[in-house]
Amino acid sequence: MSKPTVLITDKFTLRAQTLLEASCSIVKSQTPSCAHEDLSQVEALVIRSRTKIDKNLLARAPKLKFIVTATSGFDHIDLIATETRGIKVAFSPEANAASAAELTWALVLACARQTVDGHTAVKNETWNTHLRDGIQLCGHTYGVIGLGRIGTRVARIAQAFGMSVVGYDPYADESAFAVAQRVGLEELLKMSDVVSLHVPYTRETRKMINRSTLEYTQRDAILVNTSRGEILDEQELYEALKKGWLKGVGLDVFVKEPLPSDSNLLKNDRVVFSPHVGARTEDAYANASLEAAKQVLEFFTTGNVTHPLPPKALWYASPKGFN
Ligand code: NAD
């Protein structure tokens, strides 16, 4: 029997490619966009977010049966177009959860102990004379918004720091609350010394952190967002910071990326930034490649899809989700 042709369109580890080569005929695309690629014989695509899947691309791939993205995000795939063509689609949601949780904690600690200012002070030879006092985390309360793959890991780390952990997630079942006490959003914001966001971007989560939710937030809390920029209202966050609210804010994600140089947020010293690198570790990249390769093999062996898209999550199917 001939091997199915699999086109890899973007970065992929050699280890994962070798795993696929045993049962598939591998072709590597010239560019992630696949603009000039011959897709006529391709039966499976292995992509990352730089490959946009739309009706036009699908029309060039008459034999395509399966697409897997080696990423946890999937907004680069037109899922209505794939469903219309009967093409199965999968994503790789587990691969970067640990890396994203660790980056969240890097930002929490940077805010709690002003590690960025401290680094600059040593370099500028001002030592610690102008540094504000930090806060100790042990004994304080951590609020996790969204107790999925990343939020749960973040909560476990908070427990290891000796913090009380509260969580808000209307779609998670009781088992998710083994790591956090279940509370409402307002209660969480009022109780927590540190708050971090781990929700998907949906109609419901858009600007979830805004002027009114910031009113509930403790004035000297730390707020960290490593989920999506749209989850918080950047202008209203800036206004809260201007009033002296919040001890520190850690941001990895922004409405516009790269963050425009005229963003107000850049004016405030209490904000610590990272350039959307939650998933940028060698391990996350290797895990994602392997997770995607295993799903291709599973699909061609059994017809099953381990992590199908659209996701089966309750929030996705809810009227306030994507549909
Ligand atoms: P996940 O699907 O495992 O978990 C999301 C959780 O949010 C679920 O438990 C869900 O029930 C909950 N949720 C949905 N709607 C909610 C609402 N309105 N209020 C409260 N909770 C709600 O997702 P994940 O893998 O943990 O990822 C979380 C977010 O992190 C996603 O937005 C993802 O895109 C982002 N992410 C960012 C990076 C990065 O590089 N910064 C890397 C990976 C993931």
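## Close-up views

**View A. A286 is partly exposed, with a relative accessible area of 31%.** That label comes from a simple scale: under 20% relative accessible area is buried, over 50% is exposed, and partly exposed is in between (1.4 Å probe, protein chains only). This is a predicted model, where local features need pLDDT of at least 70 and side-chain atom pairs count only at pLDDT 80 or more, while totals for chains, interfaces and linings use all residues. Residues are numbered from 1 along each chain as its sequence is written, and side-chain values use heavy atoms, with hydrogens and water left out. You'll find A286 in helix 10 (residues 282-302). Helices here are DSSP runs of H or I with at least four residues, strands are runs of E with at least two, and both are numbered from the N terminus. Now look for D78: it sits 208 residues from A286 along the chain, and the two C-alpha atoms are separated by 25 Å.

**View B. Helix 10 again, this time packed with helix 1 (residues 14-21).** The two pack at an angle of about 10°, and their axes are 8 Å apart. An axis is a line fitted to C-alpha atoms, for helices over the stretch in contact, and angles run from 0 to 180 degrees between N-to-C directions. That angle makes helix 1 roughly parallel to helix 10. The cut-offs go like this: under 35 degrees is roughly parallel, over 145 is roughly antiparallel, 65 to 115 is roughly perpendicular, and the rest is oblique. Who does the touching? On the helix 1 side, R15, A16, L19 and L20 make the contact, and on the helix 10 side S289, L290, A293, K294, V296 and L297 do. Contact means heavy atoms within 4.5 Å. Sorted by class, this contact has 7 nonpolar, 1 polar and 2 charged residues. For that sorting, Ala, Val, Leu, Ile, Met, Phe, Trp, Tyr, Cys and Pro are nonpolar, Asp, Glu, Lys and Arg are charged, and the others, Gly among them, are polar.

**View C. Helix 4 (residues 97-113) packs with helix 6 (residues 149-160).** Here the angle is about 50°, with the axes 8 Å apart. That makes helix 4 oblique to helix 6. The crossing of these helices is right-handed, a word used if the near helix is turned clockwise from the far one; if the turn is anticlockwise by less than a right angle, the crossing is left-handed. From helix 4, A97, A98, A100, A101, T104 and W105 meet R149, I150, R153, V154, I157 and A158 of helix 6. The class count for this contact is 9 nonpolar, 1 polar and 2 charged residues.

**View D. F74 and F91 form an aromatic pair.** Rings of Phe, Tyr and Trp (its six-membered ring) pair if their centres lie within 6.5 Å; planes under 30 degrees apart are stacked, over 60 edge-to-face, and the rest tilted. By this rule the count comes to 8 aromatic pairs. F74 and F91 are edge-to-face, 5.5 Å centre to centre with 85° between the planes. F74 lies in the loop between strand 4 (66-69) and helix 3 (79-85), and F91 in the loop between strand 5 (88-90) and helix 4, so the pair ties together parts that are 17 residues apart in sequence. Both rings belong to buried residues, and F74 and F91 form one aromatic cluster with W315 and Y316.

**View E. P200 touches W315, one of the cluster residues.** P200 also touches T205 and I231, not counting residues up to four places away in sequence. P200 is in the loop between strand 9 (194-197) and helix 8 (211-216) and is partly exposed, at 26% relative accessible area.

**View F. Two peptide bonds are worth a look: E257 to P258 and L309 to P310.** Most residues other than glycine have a negative phi, and most peptide bonds are trans. The bond joining E257 and P258 is cis, with omega about -5°, and P258 lies in the loop between strand 11 (248-251) and strand 12 (271-273). The bond from L309 to P310 is cis too, with omega near -5°.

**View G. E125 and W127 have positive phi values.** Phi is near 60° for E125 and about 50° for W127. E125 is exposed at 72%, and W127 is exposed at 58% relative accessibility.
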